[in-house]
Amino acid sequence: MFLDNLMLGFGVAFSPVNLLYCVAGVTLGTFIGVLPGLGPIVTISMLLPLTFGLPPEAALIMLAGIFYGAMYGGSTAAILLNLPGVPTAAVVCLDGYPMARQGRAGPALATAAIASVVAGIIGTFLIALFAPPLTTIALRFSAPEYFSLVLMALCGVAALSKGSLLKGVSMAFCGVLVGIVGIDISSGVPRYTFGTLALYDGIHFIIVAMGLFAFAEIISNLETHRETGYITSKVKGLMPTRKDLKAMTMPILRGTAFGSFFGILPGAGATTASFAAYMFEKRSAKDPSRFGHGAIEGVAAPEAANNASAQASFIPTLTLGIPGSATMALMLGALMIHGINPGPRLISDHPELFWGLVASMLIGNIILVILNLPLIRIWVLILRIPYRWLYPAVVMFACVGIFIIDRSAVDLWLAAGFGLLGYILLKLKCEPAPFVLGMILGPMLEENFRRAMVVSSGDPMIFVTRPISAAFLILTVLFILSMFIKKPGAKMVTESETQPSGDEK
Amino acid sequence: MATLLKSHDFLAGVIFAFIGIAAMAIAQNYQMGTLSRMGPGFFPFLLGIVITALGVMLMLRPVLFAESRESIGRLDPRPMLFIIASVASFGTVVENAGLIVGISVMTVLAWAGSRSSSLRELVPLIVVLNITAIGIFVFGLNMSLRLGFW
């Protein structure tokens, strides 16, 4: 059964079109990951309009490739330039850059590549193993369970992202509010549309994503006059020694475990996973003082965690229809655009999509390694592109992409408005990720609340009397209580992160 | 008192409280219904209450806890104004004058948002972006976009 599914998946993944888009996605993802100032969320939201014409498998394969490709690319910049291309690669700077300074950039990069591939392959098998059973459990969910689950996911994202929980939860609920804008399905009444016809269908999440992430970040970067002249170090001798290989094995496996665990949890993301993996290695090492000065475990574990969590985060998104991070929310949005309803039925209704995606992740990870090791010199060259050439291009792609959604100038005004809002929120240290999640999950929250109340004839205790729902609510309360416990090492993360905004989880 | 008013938490709290109250006020126009048969206004009203409450809590944080009183940094109006203008104007310009003019105007405005932009680079930037956009969107993806005002 399991093998049949994988065979089906490989059949889909190896089709020339899908293979092409897999390569394209992985390459583009690495490129984006290497470049600081451009992250996977921005890229994925920019490319979403472009995927309209593609078959859903190809679109999803490419977007997924961008996602885990970016994870890998980010660490390349982290190792070579002490600058994480994506915020999740920040931890890799700690030991990767010292390794490069010691002339060991090659083995460091190779370690990152090997860790990524191994974690990716293991992660893919985990998805294949756990997604179907999870789906079976999820099929027993009904309105109260979904309500509690969504609530938990929103609070989880708020609790586990940077910044205060209070702000995160507020952002999440504001997102829910924005998600409600438009005609109410149950009653046909337009809500919060201020009389504008254009808002009747609600605000497209791409517009919000581009505004809050792409434009806000560009404004913020321009404000801090990002300098673009970097010092690079020479890369020679890619092969790690046998001693290196031996040293990195267990960290890779442990990192994969951390990554898979945190990836499935809504809210926790690659950053938490890679950080936790790093701290674990450091604490359990025989000589912790090596860390920070070029310990190979310090590169292997976080890299494995990064990639594993990227894959694992697909599980709740594809099986439950609950995205655990802003990027996954965008993937969900991409599915919805193609008319596919995410949820427990996804695997049974669209097996070629699910298994094709899983198989493509396996292929994509291998392509990552093959493609990237020789291409490192090119990435280093690309890093020399000045930001002042890059950001107008981003604005252009974003604007045209938004315009082609509905050919409406109103969409651009809205995007500009959200850009302004995003900038103000950045200044006020409010995280945009919970907002996007709230927006996408908002309708689900309301609908399930309504239904649960109809079923229980207005008795709110239904959420607590049903066991699964109660379990989710307990977790929600735990997330909220975590606000009162100081986040250990949170200080350390903000010291090593050099990106002004946190757009990736 | 001044530091209080400028702290992240306070300002964010004010904004959230405002949004929450506005949400509640507007929701009054829709039917509420009962808990077991919710009208369109019920959930938004509930949301409004929650958001307002959270906003007020945020506002109180710097009052009660000293370490919450970090103030926001300086705001540089230039990138903000130009990027916003660049994006907002794009749609209207394209609708009226075509894609090429639209991209060009957008580029000029976006370019102006950076302090390190040089005049020499502006024209090549406009040309490259136009070619890229037309190449990818019009030819590559077969979108029919009006190129010019002719």
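Author: In this predicted model, the side chains of A:Asp184 and A:Arg450 form a salt bridge, at 3.3 Å from N to O. A:Asp184 sits in the loop between strand S1 (182–183) and strand S2 (190–191) of chain A, and A:Arg450 sits in helix H18 (residues 432–455), so the pair ties together parts that are 266 residues apart in sequence. A:Asp184 is buried, at 4% relative accessibility. A:Arg450 is also buried, at 11%.

Now chain B. There, B:Arg61 and B:Asp9 meet through their side chains in a salt bridge of 3.1 Å, N to O. B:Arg61 belongs to helix H3 (residues 42–64) and B:Asp9 to helix H2 (residues 8–27), so this pair links parts 52 residues apart in sequence. Both B:Arg61 and B:Asp9 are buried. Back in chain A, salt bridges with shared partners join A:Asp184, A:Arg191, A:Glu446 and A:Arg450 into one network.

Over all chains, the structure holds eleven salt bridges. One of them pairs the side chains of A:Glu145 and A:Arg466, at 2.9 Å from N to O. A:Glu145 lies in helix H6 (residues 143–160) of chain A, while A:Arg466 lies in the loop between helix H19 (462–465) and helix H20 (467–481), so the pair ties together parts 321 residues apart in sequence. A:Glu145 is buried, with a relative accessible area of 3%. A:Arg466 is partly exposed, at 29%.

How values were computed:
Residues are numbered from 1 along each chain as its sequence is written. Chains are lettered from A and ligands numbered from 1 in the order in which they are written. This is a predicted model: local features need pLDDT of at least 70, side-chain atom pairs count only at pLDDT 80 or more; totals for chains, interfaces and linings use all residues. Side-chain values use heavy atoms; hydrogens and water are left out. A salt bridge is a side-chain nitrogen of Lys or Arg within 4 Å of a carboxyl oxygen of Asp or Glu. Helices (H or I, at least four residues) and strands (E, at least two) are DSSP runs, numbered from the N terminus. Buried means under 20% relative accessible area, exposed over 50%, partly exposed in between (1.4 Å probe, protein chains only).
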